[in-house]
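Today I went looking for pockets, and for whatever turned up around them.

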Amino acid sequence: MQLTTHTDYALRLLIFVAVRRDESPARVQDAAARYGISANHLAKVAQTLVQLGYLDSFRGRGGGIALAVPAESINIGALVRQTENLRLLECFGPGSTCPIDPACTLKRALAEAQQAFLEVLDGYHLSDLVANGDTLRMLLGRP
C-alpha cells in the first residue's frame with residue numbers, strides 16, 4: 001500500500017500542530033519550512049483538514065491553524081479513509097470492464113490486504129504518533 005502525498009502531508013501537518021507547546025496557532029508556512037515541502041501544497045492539505053473537522057483555521061494577525069479536536073480522538077485509519085482514493089484497481093469501482101472480474105481471486109486478495117492495512121491504522125490515534133513529542137519538537141526545530 002502506498003499513501004498519496006496529500007495524506008502524507010496531512011499526517012505530517014497534524015503531527016506538527018499536535019506537538020506545539022505554545023498557545024498560538026501554528027502556521028502552515030512554518031510547517032512547510034520545517035518539513036522542507038511546498039507551502040502551497042500544504043495549504044491545500046490544511047484546507048482539507050479544516051473541511052474534515054480535524055483543524056480549526058484562524059485568519060488575520062496571529063492566525064494559523066490548531067487542532068479542532070483532541071489528538072486522542074483523531075483516528076489514523078479514519079483519516080486515511082477520508083483522504084485516500086482506496087480504489088486499488090479499476091475493478092474496485094463500479095463499471096469494471098475486466099472479463100474475469102466475477103471469478104477474480106486477485107481482487108479478493110487485494111481487498112483483504114487493504115482491509116488489514118486499514119485495520120492496523122485503526123489501532124492508532126494522533127496522540128500515539130506524538131507520544132514522543134519532546135523528540136519530535138527537537139527534530140522540527142522547536143525546543
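First, my terms: on a 1 Å grid over the protein atoms alone, a pocket is an open set of points where a 1.4 Å probe fits, with protein on both sides within 12 Å along at least five of seven lines, and a lining residue has an atom within 4 Å of a point. Grid points are joined across faces, edges and corners, and the volume is the space filled by probe spheres set on the points.

This is a predicted model, where local features need pLDDT of at least 70, side-chain atom pairs count only at pLDDT 80 or more, and totals for chains, interfaces and linings use all residues. Numbering runs from 1 along each chain as its sequence is written, and side-chain values use heavy atoms, with hydrogens and water left out.

**Entry 1, overall layout.** I counted 7 helices and 2 strands in the chain; these are DSSP runs numbered from the N terminus (helices H or I, at least four residues; strands E, at least two). Along the sequence I read α-α-α-β-β-α-α-α-α. The C-alpha atoms fill a box of roughly 60 × 30 × 25 Å along the principal axes.

I got a volume of about 300 Å³ for the largest pocket. Its lining has 16 residues, with Val28, Ser57, Phe58, Gly64 and Ile65 nearest the centre. α3 (39–51) gives the largest share of that lining, 6 residues. α2 (28–35), β1 (55–58) and β2 (64–67) each put in at least two. I sorted the lining into 8 nonpolar, 6 polar and 2 charged residues, with Ala, Val, Leu, Ile, Met, Phe, Trp, Tyr, Cys and Pro as nonpolar, Asp, Glu, Lys and Arg as charged, and the others, Gly among them, as polar.

How do β1 and β2 pair? They run antiparallel over 4 bridges; a pair needs at least two DSSP bridges. Ser57 stands opposite Ile65 in β2, and both of these residues are among those nearest the centre of the largest pocket. The two strands form a hairpin with 5 residues between them, and Gly60 in the turn has a positive phi of about 85°.
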